[in-house]
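Hello,

Here is the structure for you to look over. My notes follow below it.

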Amino acid sequence: MIQPAMHACRKSPWQTLAVVLAASVSLLLPGFIAFSAAAARDTAAGWIESFNPVIYFTSNADAQTVATVKAEIEEWAPVGEVRLRKGADAVKDLEKRLGPERVRELGITGAMLPSSLVVVPSTPVIGHIDLVARVAGLEARDAIDAVGIPDATAMRVLSILSLLAALGAGLGLLGLFVHAVILGEYLARLQRVEQPQNDVLMMFGAHGRSVRKPTIIRGGVLGLWSGGIATVTLLGALALWQGVVSASFGSSISLVTAWPVAIVPLLVGSLTGVCAGFFVSTPSRRPTALVPRLLSAYGV
Amino acid sequence: MRKDAPIISCFHLDLSDPTRKRKALDDISIEVERGSWSEVVGPAGGGKTLLFSVLSLRAAPPRGTKVVVGGRNLDRLPVTEIADMRRVFGSACAQPIMLDDRSVIENLVVPFVVRGESRMALESTEALLEACELMHLRDVCVRELSHQERVAVGVLRALAGRPQAILVDAALDALEQRLLKPIMAELKQCHLDGSAVVLFGREYSENARRGRRYRLELGRLSEVENPVIVPAEDAAEAGGVR
């Protein structure tokens, strides 16, 4: 190339800035949706996963029945472990929650509390939802007095948030497409401006790859810039969100899946830019005045 | 490339023109020997530019045509090697594509840059401008050149670096005597130095007797043994340019 790849962008800085901003918005909108859903789902999932379902037996349930139910639950796919909690263990758990003095005041002893099974799930949230539904079904049995499961509304909210996260991912794909179109159009325009230069270079034996390279580099750099703007904005929003959560609930919540969502635009933006540059610079899409009308009509 | 093979050969170049419902090029076969001088003349619309485009490798030939450069069949070469083949050519046409926002000297060094011979580029192009009495245009922006000067610079760019084959399409037809004479002298020098020269135009030049002469009319190419050659001065007086 005669000029550096970014020279064409520097020649029209305002236009380049407008394209980069538009491209970053196309990455930002789906990013926000996916990020919000992921952050909210993280919070809900953290709460639900820390809540293990408990199966309480009636006082007249014998050891044989308890062992049979335990063996049955252990066979379920999303179950990692089933712990048998005898009356004395239940009192200890109660003491941890209420304090030993309060339990003594209430006069609760191990003999008063029935045996129960604590189910520890082995799968993340989606499997957890299935497990909760199956545990809820056990309540109909004679030997089982009650089941301790997360509130149905919380589960429903979690399902909706999961759906929103999936929708965000879908919108993310749409955003990527829009991002690629915005960058592709701009790259094609710059390429049209550079057509005489490319023609001269090709005429004297420049390789196709050296003519394509500036467009691909430009695509990567513009994609990186737009992805950078989107990432910085998303990270700012994420920090704000965590601040709000901390202030509202008085504790910091780890948003495990939300952080990668915020960084994705940077990687995906530059990759999309490179792909857009690669696509628009293919010989069939590159304008040229070298071929006479009749030969170009034949597509040769 | 083989040194004993013709610099460029083209066999069975056949191209129909659907709009005019006739053949634009009719089974044309031509061989250009290394260091030879060839001229192809004919009326407008005869197919000279199409033949020029194929022979200068500006356009890929239609299917069924065999183009051989330095003994290497282009059908069997990957695209990158075809680009390498273009480096042995210098070509110019009547409407040269130039870098309009660059100076004359910057345009003339492009072939050197592409061929990776940048070291000697400046000296060679300055010598070329000097020889053609166009040194005063050295730093002039191409956008500011007159049409004649632009065409002349286009032809000089084709000569830059003494390529193995120089093809010029109709550019010389458009040049006035003042510019044509030194450029023809430089072309002759390139030919003497070993470059093959192929000129496409309306009339034969004074140098036509040096080599092979062809006539391309209605897409048909025929070799001419004894051409009518109008001396340059007479042509200029008659309004002709060569």
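**Notes on the model**

In chain B, residues 24 or more positions apart account for 72% of the contacts with a separation of 6 or more. Please keep in mind that this is a predicted model.

**Chain B overall**

Chain B has 242 residues, and 43% of them count as buried. Its secondary structure comes to 8 helices and 10 strands.

**A helix pair in chain B**

Look at helix α6 (residues 147–159) of chain B and helix α7 (residues 177–192) of chain B. Their axes come within 11 Å. The crossing angle is roughly 10 degrees. Angles under 35 degrees count as roughly parallel, so α6(B) is roughly parallel to α7(B).

Which residues meet here? From α6(B) come Gln148(B), Ala152(B), Val155(B) and Leu159(B). From α7(B) come Leu179(B), Ile183(B), Glu186(B), Leu187(B) and Cys190(B). By class, the contact of α6(B) with α7(B) holds 7 nonpolar residues, 1 polar and 1 charged.

**A strand in chain A**

Now turn to strand β1 (residues 54–57) of chain A. Its side chains alternate along the strand. Ile55(A) and Phe57(A) point to one face and are buried.

**Where the chains touch**

How many residues of each chain are in contact with the other? The count is 20 residues of chain A with 27 residues of chain B. On the chain A side, α8 (195–203) and α11 (293–297) each supply at least two residues. α8(A) gives the most to that side, with 6 residues. The residues on the chain A side divide into 15 nonpolar, 4 polar and 1 charged.

**Where to look**

For a quick pass, start with α6(B) and α7(B), whose axes cross at roughly 10 degrees. Finish at α8(A), which gives the most to the side of chain A that touches chain B.

Best wishes

Methods:
Residues numbered from 1 in each chain as written. Chains lettered and ligands numbered in written order. Predicted model: local features only at pLDDT ≥ 70, side-chain atom pairs only at ≥ 80, totals over all residues. Contact = placed C-beta atoms within 7 Å. Helix = DSSP H or I, 4+ residues; strand = E, 2+ residues; numbered from the N terminus. Nonpolar A, V, L, I, M, F, W, Y, C, P; charged D, E, K, R; others polar. Axes fitted to C-alpha atoms, helices over the stretch in contact; angles between N-to-C directions. Parallel < 35°, antiparallel > 145°, perpendicular 65-115°, else oblique. Buried ≥ 20, exposed ≤ 12 C-beta atoms within 10 Å, placed from the backbone.
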